[in-house]
Amino acid sequence: MSHHFDTPTAREDPRINVCDFYLFGGSPGATVMAMTVNPDAGMSAPETFRDEGLYAFRFDLNGDAREELAFKVRFGPVEHAAGDERHHVQPFQVLRSTGLHALKGVQGEFVASSLTGASLTGESGIKVFAGLAPDLFAGDAQALGRFRTALAKEKRFAAEVWENRKNFFARRNVTAIVLEVPTRMIGSEGSRVHAWATASLFGHAPEVQVSRWGLPLITNVLLPDEALREIYNRTGPAEDREKLGAALAQYTSIVSDLAGSTPNPSEYGRQVADRLCPIMLPYQLGSDASFDFAGFNGRSLADDVMDVIITLATNFALADGVAPDKTRIRTEFPYFGAPFTAQEQVGNPPVSKPTPKTEGRP
Amino acid sequence: VISHLLTEDWQLAGLHGHLEPATDRPLLSSALARQIAKLGGGDPCASSLPRADRLAARLLPDILEFNPSRPGGFTFAAMNGRKPDDAIDPIVRTILAGAPRRGDATKRYAARDQFPYFVTIDAA
């Protein structure tokens, strides 16, 4: 859950705060997409989805940084499960939208519907799940906070803070939306796509995107300025170079200079911006997904993305010393294992929401 | 990256020396993957053959790509050409290990900003 409370709207409602996005091969001939919302679900955030929310997996199929295809998920009102007043469920449906319908709105081909908390296989071979799940993101949030503070306030590259080695997200839950679709519903095996996930408000008012996820940790590590985070969350990848490129280059130039990790920090900053923009997750359909130091090709649930991004941000080999909990990953749909029980979460304090403010530049 | 692996296996180095990039994938992939897995030193993640196969496929053919319209350099952000003063040792070790490795960041050539770009002996 690396994308914590970072838009004003998402801060108010964690149900529309996109925390993570994954894309990988599933069962033979199928591709899996997953997003998580509700950081620390059940303790600091609800276990439900917003019924005026529109959750979308968006795919650029032709390299123009705009979506030509989207899988959109809408939820109905929260209801009591039959015979259990303490247990809540929500109906939801999945649409496949193409062309202009992919960009906005809820027009598209109906592909599945279900209730939260249970996996379902539809007629077209699509599998769907939405509900409570273990948070598989791993990262030392305390170390990241100290690292950013040292950069901003002391103008210092504090590599030593990463010796803390505590997974802030251990034994916490999120709510996940997981779709496994026949790969042909996206494109041909072997073709390269670029994807991202969004949460939007949609209902009585015009559709407004409030949260976006393409590559991991963009806002938390690489965009310290609240206004820039908001621009990122409110816009699409096609605008990234123009609106975020210079800021990404400047920030990573300053950080790599403080790290002393490159003889030409400004050139390194331009490299980072060029690498990341437009901010989408590339994936060759049908291949083994891996988000690692050798390249970005989708993202599996087990990928330790924190180390990759903090190293890329600094051009300095940094490790936070923690990794995703692989015991909580399944080999079959929905791939997320059982959520952590209240007993397993004993000793985990609820997550406090950070004060919204710009942290300042190093 | 490839040359780092070759220093660990003289037979692989001999084979590599006689090949052209066009034949790297069919003739070198499996040997390179075995060498990558061996470097993992028994670590279940770094030593896994699927990871090694995937990495070998990404590293071959053994050519240095360069697009002059994009920012250049061999860094953690991109492998777009290579400059004399790029500290490549941490990058190579990290890619091969699949986890951050500090390596030796002092292993780089002294450079100057004009031709011949390397600091020559008489100028040092």
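Across the interface of chain A and chain B of this predicted model, eleven residue pairs, both members at pLDDT 80 or more, are in polar contact, a term that denotes a pair of N or O atoms within 3.5 Å, of which, within protein, one must be able to donate a hydrogen and the other to accept it, residues adjacent in sequence counting only if both atoms are side-chain atoms. On the side of chain A that touches chain B, the elements that give two or more residues are α7 (265-276), β15 (290-292), β16 (295-297) and α8 (305-314) of chain A, where helices (H or I, at least four residues) and strands (E, at least two) are DSSP runs numbered from the N terminus. The most is given by α7(A), with seven residues. By class, this side of chain A has ten nonpolar, eight polar and eight charged residues; Ala, Val, Leu, Ile, Met, Phe, Trp, Tyr, Cys and Pro count as nonpolar, Asp, Glu, Lys and Arg as charged, and the others, Gly among them, as polar.

The contact, defined by heavy atoms within 4.5 Å, takes 26 residues from chain A and 21 residues from chain B. Between them, chain A and chain B bury about 2,100 Å², 55% of it on carbon and sulfur atoms, buried area being the accessible area (1.4 Å probe) that two parts lose on being put together, summed over both. In chain A, the residues that lose the most area to chain B are A:Q271, A:F293 and A:A317, which together account for 30% of what that side buries.

Three salt bridges are counted between chain A and chain B, each being a side-chain nitrogen of Lys or Arg within 4 Å of a carboxyl oxygen of Asp or Glu. B:R70 forms a salt bridge with A:D274, with 2.8 Å between the closest N and O atoms. Over all chains, the search of the whole structure finds 21 salt bridges. Within chain A, the side chains of A:R299 and A:D20 meet in a salt bridge at 2.6 Å, N to O; this pair links distant parts of the chain, A:R299 lying in the loop between β16 and α8 and A:D20 in strand β1, 279 residues apart.

Chain A also holds an open sheet of five strands in the order β1-β2-β11-β10-β9, with antiparallel pairing, strands being taken to pair if DSSP finds at least two bridges between them. Its edge strands, each pairing on one side only, are β1 (20-25) and β9 (120-121). Strand β2 (residues 30-37) and strand β11 (residues 173-182) of chain A pair over eight bridges in the antiparallel sense, and A:T31 has A:V181 in β11(A) as its bridge partner.

Chain B comprises five helices and two strands, which run α-α-α-α-β-β-α from the N terminus on. The peptide bond from B:L60 to B:P61 is cis, with omega near 0 degrees, and B:P61 is found in the loop between α4 (49-59) and β1 (73-74) of chain B. A cis peptide bond also joins B:F115 to B:P116, with omega near 5 degrees, B:P116 lying in the segment after α5 (89-97) of chain B.

Local features need pLDDT of at least 70 and side-chain atom pairs count only at pLDDT 80 or more, whereas totals for chains, interfaces and linings use all residues; side-chain values use heavy atoms, with hydrogens and water left out. Residues are numbered from 1 along each chain as its sequence is written, and chains are lettered from A and ligands numbered from 1 in the order in which they are written.
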